[in-house]
Amino acid sequence: MAFRAHGARGSGQFSRCVSPCRLKAPERTGRFRLALLLLAAAVPLALPVSPLKAETLREALAKAYTSNPQLLAQRAQQRSTDEEVPQALAGWRPTVIAESSYGFLSATQRSVNQFTGNRQTTSFTTDPGTFNIQLSQPIFNGFQTVNQVRAAEANVMAQRGELARIEQQVLLQAVNAYMAVIEDRRVLDLRRKNVQVLREQLRSTQARFEVGDNTRTDVAQAQARLAEAQSALTRAEADLAISVGDYIQVIGQAPGSLVFPEPADDMVPRTIDGAIQLAELNNPQVITAEFNEKVRGFQVGVSLSTLLPSASLAAGYNYSANQSPSTFWGETFSVTAQVQVPIYQGGGEYAAVRQAKQLRNQAQLLIADTRRTVREAVVQAWNNLVAARDSIRSQREAVRAQQLAYQGVRLEAEAGTRTTLDVLNAEQELLNAQVNLVAAEVNTITASYALVAAVGRLNAVDLKLPVQIYDPRIYYNKVRNLWFGLSTPNPD
């Protein structure tokens, strides 16, 4: 999945991407481009499209939220992490093991009577059986289970932060895919109109050449400009096909009629300082880093437990039958308290403790690094949004000025004071300004949502998407205290 840098085409005022950049068609290899074109052309025929009803950005995001495979896979990963808590809680619970055996025994013994000297042979057969059941209950294990449970709970919270990060990533990809289709459709319309205008210009130039009003050079210039416009139209069609392919990959359905959305300005603070403060508290990357540090801290306690005494209680019952010709059956019952005190175990446990402490130090430093990364992302997103807003104003003024210039050049050309090349240049400059304006308007939308993601609010709850919100606590609460069960509970 790849995305383009909106605004890079045309004026080139945005040299930095507000999202991962997509290579344009001329930069792709011919084989890869052909594959994408075939995909974009074929998939809409197979997937449902609703041409009668325009699709809003919120509706497209809702589809991505409920059907994107990457997001669904991350939710499954979250549920597997939830299972670590009951595994850790098992350290408090007893262990019961039962054994039984049953078989056939045939024995023969030949001996000599020491008083009479007679030899005698004795034999017997039996079917011996045993049944044994053992129960072991840990009482104290050096706080190992306590720290294992706390580490598992902290890891669950860290994974929830990772799930929130993936959700933001998918929704931002959906925004970019949605806006890319809108931009490419608008640019394609402009390119088509430009080709029509240049065809009319070529016919007019040829007519004037036939009456001796201009030269063959004017006709050649008009033909060359029309050929360039047709080439640009082909590139625009390829760009749209690629954008449609990206849209299907992220949102899961071919785009129908799309509605140009409003910027998400009401979801971010009014100042950059407020945005940074919100991001440091709310960004999923920061939350994940903080809980990862807690996991490392509890793992230090787990390592220390190998140096502490442990105590357990064991109970057992044994029943045996037909073990010999003189024994019919027997049974025993025992209860034993065990205490183990480690004195020296080779020194490996000390190295494990030191290693755990170093990993905790690493996690603490990664928190600081993550906060710096988040702050940088907010600053970058904020300035991209400011630049995009300013660009809209300047591009609108540029389009207005180019329209006036184009009309003036045409009138002057009709009066004989301007050449055909002047008219063609004016048409091209007007087209460039219109394309730049489209890119600037799209950039404003994508930049605003990139800023929302940077502060950690690009999620289904804050966006108020019309979907059933996935709550990871439901599955966690269902499995946390389970003692038995092989089936996986419904996560909804």
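Predicted model: local features only at pLDDT ≥ 70, side-chain atom pairs only at ≥ 80, totals over all residues.
1. Serine 312 counts as buried, because its relative accessibility is 18%; buried means under 20% relative accessible area, exposed means over 50%, and partly exposed lies in between, with a 1.4 Å probe and protein chains only. Serine 312 belongs to strand 5, which spans residues 310-324. Helices (H or I, at least four residues) and strands (E, at least two) are DSSP runs, numbered from the N terminus. Leaving aside neighbours within four places in sequence, serine 312 is in contact with Gln137, Pro138, Ile139, Thr336, Ala337 and Gln338, where contact means heavy atoms within 4.5 Å.

2. Residues are numbered from 1 along each chain as its sequence is written, and side-chain values use heavy atoms, with hydrogens and water left out.

3. The chain as a whole may be described next. It contains 12 helices and six strands, and 40% of its 492 residues count as buried. Among contacts in the chain with a separation of 6 or more, 80% are accounted for by residues 24 or more positions apart. The accessible surface of the chain comes to about 27000 Å², and carbon and sulfur atoms hold 54% of that area. Accessible areas come from the Shrake-Rupley method with a 1.4 Å probe; for residues, only the protein chains shown count as cover.

4. How do helix 5 and helix 6 pack? Helix 5 (residues 144-210) and helix 6 (residues 216-251) have axes 8 Å apart, at an angle of about 160 degrees. Axes are lines fitted to C-alpha atoms, for helices over the stretch in contact, and angles run from 0 to 180 degrees between N-to-C directions. The two helices are therefore roughly antiparallel; angles under 35 degrees count as roughly parallel, over 145 as roughly antiparallel, 65 to 115 as roughly perpendicular, and the rest as oblique. The contact of helix 5 with helix 6 has 23 nonpolar, seven polar and 11 charged residues. Here Ala, Val, Leu, Ile, Met, Phe, Trp, Tyr, Cys and Pro count as nonpolar, Asp, Glu, Lys and Arg as charged, and the others, Gly among them, as polar. Helix 5 passes helix 6 in a left-handed crossing. A crossing is left-handed if the near helix is turned anticlockwise from the far one by less than a right angle, and right-handed if clockwise.

5. Helix 5 also packs with helix 3 (residues 69-82), at an angle of about 175 degrees and with the axes 10 Å apart. Helix 3 is thus roughly antiparallel to helix 5. Residues in this contact include Leu71, Gln74 and Arg75 of helix 3 and Val156, Gln159 and Leu163 of helix 5. By class, the contact of helix 3 with helix 5 comprises five nonpolar, nine polar and five charged residues.

6. Another helix pair is formed by helix 7 (residues 272-282) and helix 9 (residues 348-414), whose axes come within 9 Å and cross at roughly 145 degrees. Helix 7 passes helix 9 in a right-handed crossing. Ile272, Ala275, Ile276, Ala279 and Glu280 of helix 7 meet Val374, Arg375, Val378, Val379 and Trp382 of helix 9. This contact of helix 7 with helix 9 has eight nonpolar, no polar and two charged residues.

7. Two residues within helices deserve attention. Arginine 208 lies in helix 5 and is partly exposed, at 28% relative accessible area. Not counting residues up to four places away in sequence, arginine 208 touches Asp213, Asn214 and Ala413. Aspartate 462 lies in helix 11 (residues 460-463) and is partly exposed, at 26% relative accessibility. With the exclusion of residues up to four places away in sequence, aspartate 462 touches Met267, Gly456 and Arg457.

8. Which residues other than glycine have a positive phi? One of them is phenylalanine 143, with phi near 65 degrees; phenylalanine 143 lies in the loop between strand 4 (129-140) and helix 5 and is partly exposed at 48% relative accessibility. Lysine 464 has a phi near 55 degrees, also a positive value in a residue other than glycine. Lysine 464 lies in the loop between helix 11 and helix 12 (472-479) and is exposed, with a relative accessible area of 63%.
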